[in-house]
Amino acid sequence: MIKKILVSQPKPSSEKSPYFDIARKYKVELVFRPFFKVEGITAKEFRQQKISLLNYTAVVFTSRHAIDNYFTLAKEMRIAIPEEMKYFCVTETIALYIQKYTQYRKRKIFFGTTGKVDDLIPAMMKHKNEKYLVPLSSVHNDNVKNLLDAKKLMHAECVMFRTVSDDLTEEEVKNFDYDMLIFFSPTGVKALKQNFPGFEQGDIKIAAFGPATAKTIAEEGLTLDLQAPSKDYPSMSSALEAYLSKHK
């Protein structure tokens, strides 16, 4: 029986979040507690990468952190992002988040359904004359670079944020009594092992958002019970609701 769920993300700022509906509908307690925090790099650090935001006509966003730090850096450096800038996002949820910073226009915002950059390639190929900028975390691999290279798209990757551990307090460790853990990044999974070196999963269910997170869970010797996004469930909240409905 799942009664208490740890969601390793900050608490949603809007009361309209589907997570709150899930908590009421299935009578579960949701605790929002990230195991790490994201820090944007400074304008000085960004300039050292020799990247000019205005040299690019499109941006590829793989997370909301990337959106936050892209527009924050632009503001700090007093750069006005052109209205005609195009945005390619790995999910619709991330695409909708852009309206926090700029007006949402369907003709300039494109999104995928799987959470993978691969899913954006058809749309990007239709705009193959664009120059793509891909904001990334300080911890990343060359998968995106290699993919865009293979398609002969003009692009550059840059670091815009970093993740640092946000360890649990002594009291939080003592009261760690969850029936399910939901992770959204490999960093969160590794932070769990950092906080609990001898962690044993037992009956605890584990959910992962994104293939990289799922892969890390397997590498850490843990069992994955729920994965999103998928064709039927593009968001973790929709996947979670389906899971709770099936197992209630």
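Predicted model: local features only at pLDDT ≥ 70, side-chain atom pairs only at ≥ 80, totals over all residues.
1. On helix H8. Helix H8 spans residues 186-195, and its buried residues are Gly-188, Val-189, Ala-191, Leu-192 and Asn-195. Because these residues cover an arc of only 160° around the axis, they are on the same side of H8. An α-helix has 3.6 residues a turn, so residues three or four places apart point the same way. The cover over the buried residues of H8 includes strand S3 (36-40), strand S9 (180-183) and helix H9 (211-219).

2. On helix H9. The buried residues here are Thr-213, Ala-214, Thr-216 and Ile-217, and since they cover an arc of only 160° around the axis, they lie on the same side of H9. On the other side of H9, the residues Lys-215, Ala-218 and Glu-219 are exposed. Among the elements that cover the buried residues of H9 are S9 and H8, together with strand S10 (205-209) and strand S11 (226-228). After H9 comes Gly-221, which has a positive phi near 75°.

3. On the second largest pocket. About 220 Å³ of space lies in this pocket, and its lining consists of Met-1, Ile-2, Tyr-26, Val-28, Asp-179, Asp-203, Lys-205, Tyr-243, Leu-244, His-247 and Lys-248. By residue class, the lining of the second largest pocket divides into six nonpolar, one polar and four charged residues. Helix H10 (residues 236-247) gives the most to the lining of the second largest pocket, namely three residues.

4. On the loop between S11 and H10. Pro-229 has its place in the loop between S11 and H10, and the peptide bond that joins Ala-228 and Pro-229 is cis, with omega at about -5°. Ser-235 is also found in the loop between S11 and H10; it counts as buried because its relative accessibility is 18%, where the cut-off is under 20%. Leaving aside residues up to four places away in sequence, Ser-235 touches Phe-209 and Ala-228, and Ala-228 is one of the two residues joined by the cis bond.

5. On Ala-66. This residue is found in helix H3 (residues 64-76), and with a relative accessibility of 0% Ala-66 counts as buried. Not counting residues up to four places away in sequence, Ala-66 touches Phe-61, Pro-135 and Phe-161. The C-alpha atoms of Ala-66 and Val-159 are separated by 9.2 Å, although these two residues are 93 residues apart along the chain.

6. On Ser-8. The loop between strand S1 (4-7) and helix H1 (18-26) holds Ser-8, which is buried, with a relative accessible area of 6%. The residues that Ser-8 touches, not counting residues up to four places away in sequence, are Arg-33, Pro-34, Ile-182, Phe-183 and Phe-184. For the contact with Arg-33, 25 residues apart from Ser-8 along the chain, the separation of the C-alpha atoms is 4.9 Å.

7. On two lysines with positive phi. Lys-50 has a positive phi of about 60° although it is not a glycine, and Lys-152 has a positive phi of about 55°, again without being a glycine. Lys-50 lies in the loop between helix H2 (43-47) and strand S4 (58-61), whereas Lys-152 is found in the loop between helix H6 (143-150) and strand S8 (154-165). As for accessibility, Lys-50 is exposed, with a relative accessible area of 73%, and Lys-152 is exposed, likewise with a relative accessible area of 73%.

How values were computed:
Residues numbered from 1 in each chain as written. Heavy atoms only, no water. Buried < 20%, exposed > 50% of the residue type's maximum accessible area, 1.4 Å probe, protein only. Helix = DSSP H or I, 4+ residues; strand = E, 2+ residues; numbered from the N terminus. Arc of directions from axis to C-beta. Contact = heavy atoms within 4.5 Å. 1 Å grid on protein atoms, 1.4 Å probe; cavity = no way out; pocket = protein on both sides within 12 Å on 5 of 7 lines; lining within 4 Å. Points joined across faces, edges and corners; volume = space filled by probe spheres on them. Nonpolar A, V, L, I, M, F, W, Y, C, P; charged D, E, K, R; others polar.
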